[in-house]
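This note sets out numbered points for a colleague who wishes to read the model alongside its sequence. Please keep the structure open while going through them.

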Amino acid sequence: MTIVVTGATGNVGRPLVTQLAAAGVPVRAVTRTPSASQFPDGVQAADSVLDALPGASAVFLNSRALGPQLSDVVESARRHRVRKLVALSAINADDDFSRQPSRVRGDRNKEVEQLCVDSGLEWVSLRPTVFATNFVGMWSAQIRAGDVVGGPYAAASSAPIVEADIAAVAAHALSTDELVGQKIPLTGPQALTNTELVDVIGTVLGRPLRYVEAPPDVVRQRFIAIGLGGDFADAYTAMLADSVDNPALVTGEVEKITGRPATTFAQWVSAHRQLFAK
Ligand SMILES: NC(=O)c1ccc[n+]([C@@H]2O[C@H](COP(=O)([O-])OP(=O)(O)OC[C@H]3O[C@@H](n4cnc5c(N)ncnc54)[C@H](OP(=O)(O)O)[C@@H]3O)[C@@H](O)[C@H]2O)c1
């Protein structure tokens, strides 16, 4: 069994490569810069997904990493008789695109799933909710600078999932047949409002942090400042609006599939406290 992992240096790909390699599974890890990638011993780094496909049994597809190559890669996987495709999609893939900030970044979570379903190959689609690491990009600069986090909708709810947990489910999907034909919504173990997420970070850091609602123009400026842009801010705000006073879905899929509880947001902050510390 040889598994090709695209997006292999990323939030999900890196822990996935590490977990597969630790389990003794042969891995071809795709990255634009193999020489700088620092994968575990035994992992083959590849700079071309198309070259990595011959002889592979399963492929993990990250649409951000694949960009315009996405459909060619699925077609090539079919031609090379790859047995299984595992898509990294998203819990909101079927929502209106105006409420999917990821689309502004060019991600194609709906398409990657549909290409897998239509491929005629065995497939699994992973549909994670918001990643825990998002809060580093969105909030860490504010938390390093002071005790207030500003953003939209204090009451908006999410159930952040830790990327290593997505990777653990992906490893299971790639190396067993148990999940074939499923679209699996993956969440963290708790729904928390923005106010509660900031409280968790404050408790871990031992600081009195507060979440304060910011007006839309300030939210836009913040997203522009961190490089994600005004359109991303608008889609993110629209996505959050849906979850105000409407607790985020919590699924037990991580625990059901991996046999161990999903990592809590507090555990994740505790393990990454240096990212938020002054
Ligand atoms: N963040 C969330 O809350 C969330 C929630 C649900 C679903 N998702 C979906 O998950 C996927 C992203 O997964 P991820 O966070 O693991 O990916 P990532 O870390 O952002 O990127 C994975 C790898 O892809 C390569 N890459 C990144 N941007 C690229 C670009 N513009 N062009 C070509 N290659 C690029 C980079 O590898 P090299 O530099 O080594 O080539 C990077 O390490 C997206 O489809 C996203 O919509 C995200």
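1. Glu 163 is buried yet has no salt bridge, and Arg 64, the nearest side chain of opposite charge, is 9.3 Å away. Buried here means under 20% relative accessible area, exposed over 50%, and partly exposed in between, with a 1.4 Å probe and protein chains only. A salt bridge requires a side-chain nitrogen of Lys or Arg within 4 Å of a carboxyl oxygen of Asp or Glu. For charge, Lys and Arg count as positive and Asp and Glu as negative, while His and the chain ends are not counted.

2. The model is predicted: local features need pLDDT of at least 70 and side-chain atom pairs count only at pLDDT 80 or more, whereas totals for chains, interfaces and linings use all residues. Residues are numbered from 1 along each chain as its sequence is written, and side-chain values use heavy atoms, with hydrogens and water left out.

3. Glu 163 lies in helix α8. Helices (H or I, at least four residues) and strands (E, at least two) are DSSP runs, numbered from the N terminus. Leaving aside residues up to four places away in sequence, Glu 163 touches Asn 11, Val 12, Pro 15, Phe 131, Ala 132, Thr 133 and Trp 268; contact means heavy atoms within 4.5 Å.

**The annotated span and helix α1**

4. The unreviewed UniProt entry carries the annotation "domain: NAD(P)-binding" for residues 7-175. UniProt positions are given in the numbering used here, feature names are shortened, and annotations may be inferred rather than shown by experiment. In the model, the span 7-175 is 40% helix and 18% strand, and its end C-alpha atoms lie 18 Å apart.

5. Within helix α1 (residues 13-22), the buried residues include Gly 13, Pro 15, Leu 16, Val 17 and Leu 20. Among the elements that cover the buried residues of α1 are β1 (3-5), β2 (27-30), β4 (58-62) and α8 (163-175). Gly 24, which follows α1, has a positive phi, near 85 degrees.

**Salt bridges**

6. Side chains of opposite charge can pair when their charged atoms come close. The whole structure holds 18 salt bridges. One of them joins Asp 94 to Lys 110, with the closest N and O atoms 3.4 Å apart. Asp 94 lies in the loop between β5 (84-88) and α5 (101-104) and Lys 110 in helix α6 (residues 109-118), so the pair ties together parts that are 16 residues apart in sequence. Lys 110 is partly exposed, at 34% relative accessibility.

7. Glu 113 and Lys 183 also form a salt bridge, at 3.6 Å from N to O. This pair links distant parts of the chain, since Glu 113 is in helix α6 and Lys 183 is in strand β9 (residues 183-186), 70 residues apart. Glu 113 is buried at 2% relative accessibility, whereas Lys 183 is partly exposed at 43%. Salt bridges with shared partners join Asp 94, Lys 110, Glu 113, Arg 127 and Lys 183 into one network.

8. Arg 103 takes part in two interactions described here. It forms a salt bridge with Glu 111, the closest N and O atoms being 2.7 Å apart. Arg 103 also lies over the face of Phe 97, at 3.7 Å from the ring centre; this requires NZ of Lys or CZ of Arg within 6 Å of the ring centre and within 35 degrees of the ring normal. Arg 103 is buried, at 13% relative accessibility, while Glu 111 is partly exposed, at 28%.

**Aromatic pairs**

9. There are seven aromatic pairs in the structure. Rings of Phe, Tyr and Trp (its six-membered ring) pair if their centres lie within 6.5 Å; planes under 30 degrees apart count as stacked, over 60 as edge-to-face and the rest as tilted. The rings of Phe 135 and Trp 139 have centres 4.8 Å apart and planes at 55 degrees, so this pair is tilted. Both residues lie in helix α7 (residues 134-145), four residues apart, about one turn of the helix. Phe 135 is buried, at 3% relative accessible area, and Trp 139 is buried, at 3%.

10. Ring pairs link Phe 135, Trp 139, Tyr 211, Phe 265, Trp 268 and Phe 276 into a cluster. Ile 201, in helix α9 (residues 194-205), touches residues including Trp 139, Phe 265 and Phe 276. Ile 201 is buried, with a relative accessible area of 0%. Ile 201 and Phe 265 are 64 residues apart in sequence and 8.6 Å apart in space, C-alpha to C-alpha.
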